[in-house]
Amino acid sequence: MLRSGHRTLKAIHLASTLWFVLCIVYILALALREAGFHWWVIFSLSGYSAFLISLLITLYLFAIFRGVSRNQNIEIEHPLTSTHSYMVFYAAAPFLGGVAGCLATIGEDKVIQFLVGVALGTFATTFLVWVIVDPLTGLLETILPPSSRRHRAERLTQAKAERERKQKEHQQLLDDILAKEEQDRLHWQQALRPQAEKLAALLKTDAASIRQAERQAVDIGLSAWQLGGITCMRELRDMALVISRQRNDSGAITDFISYWWDGIGSWRSPRLVT
């Protein structure tokens, strides 16, 4: 029964919104016509703005349809605007404005004056209810009743506490990840020290033994990949370069390791990086 009422309310709101847009289009078209524009110009302007109008209506209806499905917590803070009677009044405001405009123009001889009265009544009532009355009523509901203010304060406090809790959880998760990475790095520094020293020695290999040195470096890199992936490989390479620089005070060190390991796991040499 409750879902059926919500669907009916949404249908009323959709129909009243379409009626409101139709009245606005009629007023604009009539104003352009009276200003001397030809009908083909008016239709062209309407065609270009059709997409924008549809987008705005869609966004507006999405916001309103969410408001129609308010939960009990919001009803406590909005004892008037969350009632079914008020929501029906809100959704049907354009129709009520049209009826008011119809009653105000009874007795008009010209049909066009009657239609203008209906359209203006729709526009004025809709603007008054949707733009002025409803926001002001909702604001007063959250300010004046003590129960509404208290519940809103409690809800905001709970929401803040929940955000802080999630933030702490995220921070704790990040700290755990960083601690795990640091623990792995220290473990690798101890476990990979012999391999790092071998790599540092291979960097000093002469041209005649470069192929054999490359094969040995590939085996070491493959072991590092199996041990801890690309992160472990980077740590091992950095260790090897540091050791090599410490042993070679006379000249610069060429990083052959980055090229030797190309293709191991996700390792890519610098010449292949785009």
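I looked up Val131 and found a relative accessible area of 48%, so this residue is partly exposed (buried is under 20%, exposed over 50%, partly exposed in between, with a 1.4 Å probe and protein chains only). Val131 sits in helix H6, residues 111-143. Helices are DSSP runs of H or I with at least four residues, strands are E runs of at least two, and both are numbered from the N terminus.

I noted that this is a predicted model, in which local features need pLDDT of at least 70 and side-chain atom pairs pLDDT 80 or more, while totals for chains, interfaces and linings use all residues. Residues are numbered from 1 along each chain as its sequence is written, and side-chain values use heavy atoms, without hydrogens and water.

Next I checked the helix pair H4 (residues 84-91) and H5 (residues 93-104): their axes come within 4 Å and cross at roughly 60 degrees. The axes are lines fitted to C-alpha atoms over the stretch in contact, with angles from 0 to 180 degrees between N-to-C directions. H4 and H5 are therefore oblique to each other (under 35 degrees is roughly parallel, over 145 roughly antiparallel, 65 to 115 roughly perpendicular, the rest oblique). Phe89, Tyr90 and Ala91 of H4 meet Ala93, Pro94 and Leu96 of H5, where contact means heavy atoms within 4.5 Å.

Last, I took the totals. I counted 10 helices and zero strands in the protein. Of its 274 residues, 28% are buried. Among contacts between residues at least 6 apart in sequence, 71% join residues at least 24 apart.
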